[in-house]
Amino acid sequence: MAKTKSREPREKQRGELNESIVKIKRCSAVVKGGRRFSFAAMIVVGDGKGKVGWGYGKANEVPPSVEKARKEGMRSMITVPMEGSTIPHVVKGRFGGSEVILVPASEGTGVIAGSAVRAVCEAAGIHNILTKSFGSNNPIPLVKATMAALQELRPKSEIERLRGVTLS
C-alpha cells in the first residue's frame, strides 16, 4: 500500500507536463565484433502555463536516453512571461550557427514555426506567435536559441519599473 502512495505524485507530475521529443540521434562505433550503437535524445518539457525546459540525454538504448533527457528538462525549466496567449515583445535568440526571431501575434494566429521552435513554444503554452529561424536548421541549436530568446523576455511591468515611466 505504501508503494502506491509514493507512485501517485510521480504520475501526476508526468500528467501535468507536456513532453515532446525533438530529435533522437543514433551514433555507431565500429568495434571488433561489429558496430556498437548509442542514442542521444533531445526533449522539450513544459507545463503549458509559462514554464519550459529542455534536456539532452545519451544512453545505449532509446528509452533510457529519453528518460535522462526528460529529467534534465525538468531541472532546467524557466518561466516565460506572457501576455495572454502570446509573448510581450519581439525578441531574438542566438546559439551557435542558429538564430531565432520570435514576434508576438494577435489572437487566432496560431504557432507559425518550424518543428523545433514549435515544440518549445507549445510546451511553454504560447498559442499565438510568429517565428523565423536563420542559419543552421539543426534542431538542437534551434531549441537552445529559442530558449535563449525566451529568457530575454521581460513583462511590461518590469520595464516600467526599471525605466520609471508608464507605458501605454
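Predicted model: local features only at pLDDT ≥ 70, side-chain atom pairs only at ≥ 80, totals over all residues.
Cysteine 27 is partly exposed instead, since its relative accessibility comes to 46%, which falls between the 20% and 50% cut-offs.

How many disulfides does a search of the whole structure find? The search turns up zero. For readers new to the term, a disulfide is a covalent bond between the sulfur atoms of two cysteines.

## The chain as a whole

Let's step back to the overall picture. The chain has 168 residues, and buried ones make up 36% of them. Along its principal axes, the C-alpha trace spans about 70 × 50 × 30 Å.

Starting at the N terminus, their order is α-β-β-β-α-β-β-β-β-α-β-α-α. How do contacts link parts of the sequence that are at least 24 residues apart? Taking contacts between residues at least 6 apart in sequence, 56% join residues at least 24 apart.

## The annotated domain

An unreviewed UniProt entry carries the annotation "domain: S5 DRBM" for residues 17-80. In the model, this stretch is 59% strand and 22% helix. The C-alpha atoms at its two ends lie 15 Å apart.

Within strand β2, which covers residues 34-46, you will find phenylalanine 37. Setting aside residues up to four places away in sequence, phenylalanine 37 touches Arg26, Cys27, Ser28 and Asn60. One of these partners is the partly exposed cysteine from the opening section. Phenylalanine 37 and cysteine 27 are ten residues apart in sequence, with 5.6 Å between their C-alpha atoms.

Proline 64 belongs to helix α2, made up of residues 62-75. Proline 64 is partly exposed as well, given its relative accessible area of 38%. Between proline 64 and alanine 40 there are 24 residues of separation in sequence, and their C-alpha atoms are 9.5 Å apart in space.

## Where two helices cross

Now turn to helix α3, residues 115-124, and helix α4, residues 139-151. Their axes come within 8 Å and cross at roughly 40°. Which residues make the contact? From α3 come Ala116, Val117 and Val120, while α4 supplies Pro139, Leu142, Val143, Thr146, Met147 and Leu150. The crossing of α3 past α4 is right-handed.

## A buried serine

Serine 98 sits in strand β6, which spans residues 98-104. Serine 98 is buried, because its relative accessible area is 0%. Which residues are in contact with serine 98, leaving aside its neighbours within four places in sequence? They are Gly93, Phe134, Ser136, Asn138, Pro141, Leu142 and Ala145. Among them, Leu142 is also part of the contact between α3 and α4.

Technical notes
Residues numbered from 1 in each chain as written. Heavy atoms only, no water. UniProt positions renumbered as here; feature names shortened; annotations may be inferred. Helix = DSSP H or I, 4+ residues; strand = E, 2+ residues; numbered from the N terminus. Buried < 20%, exposed > 50% of the residue type's maximum accessible area, 1.4 Å probe, protein only. Contact = heavy atoms within 4.5 Å. Disulfide = S-S within 2.5 Å. Axes fitted to C-alpha atoms, helices over the stretch in contact; angles between N-to-C directions. Left-handed = near helix turned anticlockwise from the far one by under 90°.
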